[in-house]
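Keep the model open while reading.

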Amino acid sequence: MTADNSGSKAKVQEDLVDPKLRPLIRLAGSPSEKPRLIGSKCKSCGEYFFPKRVLCPNCLKEDVLEDVPLSNEGKLYTYCIVKAAPLGFDAPYAVGYVDLPEGLRIFSPLAECDKERLKIDMDVELIVDKIREDKTGQPIHGYKFKPASP
Amino acid sequence: MRTVCIIGVGMTMFGRFPQSNVIELGRTACLNAVRDAGVATKDIQVAYAGHARTGQLHNRECGVGQSILWELGISGIPVSSVGNFCSSGSTALREAWLAVGSGMYDMAFAIGVEKLTGREGKGRPLTSDGVELLTVMGFSPPVYFGNVLTRHMKEYGTTMEQLAMVAVKNRRNAGPNPRCQYKDPITVEEVIHSPVIVDPLTLLNCCPTTDGAAAAILCSKEVAGRYTNKPVEIAASALCSGPYEKCKDITSFGADRLAALNAYEYAGIGPEDIDLAEVHDCFTIAEIVHYEDFGFCKKGEGGRFVEEGMSGMEGKIPVSPSGGLMSRGHPIGATGLAQICESVWQLRGVAENQVRGAKVAFTHCAGGFQDTIELGDIQSSAVTILKRGW
């Protein structure tokens with residue numbers, strides 16, 4: 001595969017991601033890489049934020065936050081399975097909150113919506129996949145967590 | 001701050017009124033309040049109108065209060081809109097309380113109104129204000145409370161039966177109240193087996209879609225004596241935004257805890273003094289969490305509290321004797337003032353589902369979600385404590 005091809009493939013992948021979520025996600029650049037969420041870390045107080053912030057609310061400084069890739073593995077804090085979906089979403093789908101090692105508890109769609117396979121405190125892993133469809137039925141991608149492979 | 005009293009309240013029926021509009025609803029509630037207070041409209045010096053979705057749903061972001069009051073011939077006074085999620089009506093009341101309490105004005109109008117039927121996406125959950133990033137990922141208010149519930153069940157062993165008991169109790173309370181949207185009794189089995197909205201929340205664990213309005217007239221204690229021998233005192237009105245906590249506990253709401261604490265402290269009243277409470281039971285699990293956050297019971301024991309009948313009419317603290325949001329319905333901006341109306345009637349001793357000898361009432365509204373992907377608190381919580389002023 002040439003560099004040009006992989007570049008255009010990445011572009012296609014990125015185009016599928018909801019424009020509002022694009023700044024939050026760094027897609028895998030090669031098959032050996034994994035996608036990452038991009039947050040901020042304050043160089044002054046050490047706290048992490050997701051999504052990125054401009055101003056550190058602890059230090060009240062604008063020049064202390066740097067972009068950092070966050071861990072792509074976490075633990076499922078809680079979840080629910082949506083059966084009556086808002087416009088644009090297909091039920092059922094699962095969403096929950098995931099704890100990342102950086103001290104972040106974040107909202108995320110989940111790739112598994114079988115209640116029997118979801119457990120509080122289970123290990124989960126970041127992927128990028130379809131989260132909903134636009135008005136014309138085209139898939140829109142975003143980040144998700146799936147049960148970690150054993 | 002001087003003591004402020006409520007001398008008149010009024011509301012509309014709560015329900016689905018597709019032919020109505022927010023101005024008509026507001027006009028009816030305000031006229032009822034003016035008649036109840038027996039005041040001349042020219043004596044009202046300032047007004048606050050709470051509404052949360054009139055901009056998004058009806059192209060009326062501002063001026064709702066002015067238009068309603070114009071119909072009653074009230075003009076030439078300070079009027080402003082108060083938008084504060086599900087606490088919009090409670091916040092309007094608090095602004096009116098501050099305006100009169102400060103001594104700037106002697107008489108104020110607090111209005112709450114909302115019309116939620118006829119919106120786009122009928123039959124689907126109403127999405128929340130703001131929280132754009134969460135919404136594109138499938139978030140909605142029942143999603144938040146579904147997540148609260150899963151964790152509460154895991155940590156404290158709360159059961160679907162206990163949740164259903166909240167809905168059953170509030171529906172039983174609604175029976176005699178003509179203003180409620182739903183009055184027919186329901187059973188635990190019916191609640192558990194109603195259609196699943198967000199597993200584990202079923203339809204009858206969620207409040208309905210509702211239109212309605214409510215209003216209250218406030219004045220200084222001194223002025224109140226000219227109109228009534230049963231003025232209801234506002235013992236405290238506390239408002240709090242969500243505290244920012246990393247990795248917060250989803251089974252407890254910091255804004256609610258702080259608002260209640262501030263109200264208890266200001267009023268010099270504790271949970272042990274409360275005769276009845278109207279809380280924000282937008283979902284059954286919310287009412288269970290409120291028992292715990294307001295100190296009605298210990299943390300984690302909310303499920304048992306309802307199961308043992310402690311929040312029932314004969315219990316330690318009757319909660320939502322009016323039927324609550326679950327049965328009265330939840331026209332967002334109107335709810336806080338509907339709770340005030342129902343509580344004023346309780347303290348006067350004229351409520352349809354009367355708590356015997358009620359002297360102190362606690363009301364609570366809360367709503368909005370923090371505009372971030374990190375788990376956040378409720379954006380706004382308002383607690384008002386009312387007591388007999390005679």
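## Strand pairing in chain A

A:Gly74 has A:Val124 in E8(A) as its bridge partner. The two strands involved are E5 (residues 73-82) and E8 (residues 123-133) of chain A, which run antiparallel and are joined by three bridges. Strands here are DSSP runs of E with at least two residues, helices are runs of H or I with at least four, and both are numbered from the N terminus. Two strands pair if DSSP finds at least two bridges between them.

A:Val124 also has a bridge partner in E9(A), namely A:Pro147. E8(A) pairs with strand E9 (residues 139-147) of chain A over nine bridges, in the antiparallel sense. Five residues lie between the strands of this hairpin, where A:Gly137 takes a positive phi near 90°.

## Model and numbering

This is a predicted model: local features need pLDDT of at least 70, side-chain atom pairs count only at pLDDT 80 or more, and totals for chains, interfaces and linings use all residues. Residues are numbered from 1 along each chain as its sequence is written, while chains are lettered from A and ligands numbered from 1 in the order in which they are written.

## Domains of chain B

Chain B is assigned domain 1 (4-120 + 210-235) and domain 2 (132-207 + 236-388). Such bounds come from an automatic or database domain assignment. Taken over C-alpha atoms, the centres of the two domains of chain B are 23 Å apart.

The contact involves 40 residues of domain 1 of chain B and 39 residues of domain 2 of chain B. Contact means C-beta atoms, placed from the backbone, within 7 Å. On the side of domain 1 of chain B that touches domain 2 of chain B, elements supplying at least two residues each include helix H4 (88-101) and strand E1 (4-11) of chain B. H4(B) gives the largest share, seven residues.

Note on methods: Contact = placed C-beta atoms within 7 Å.
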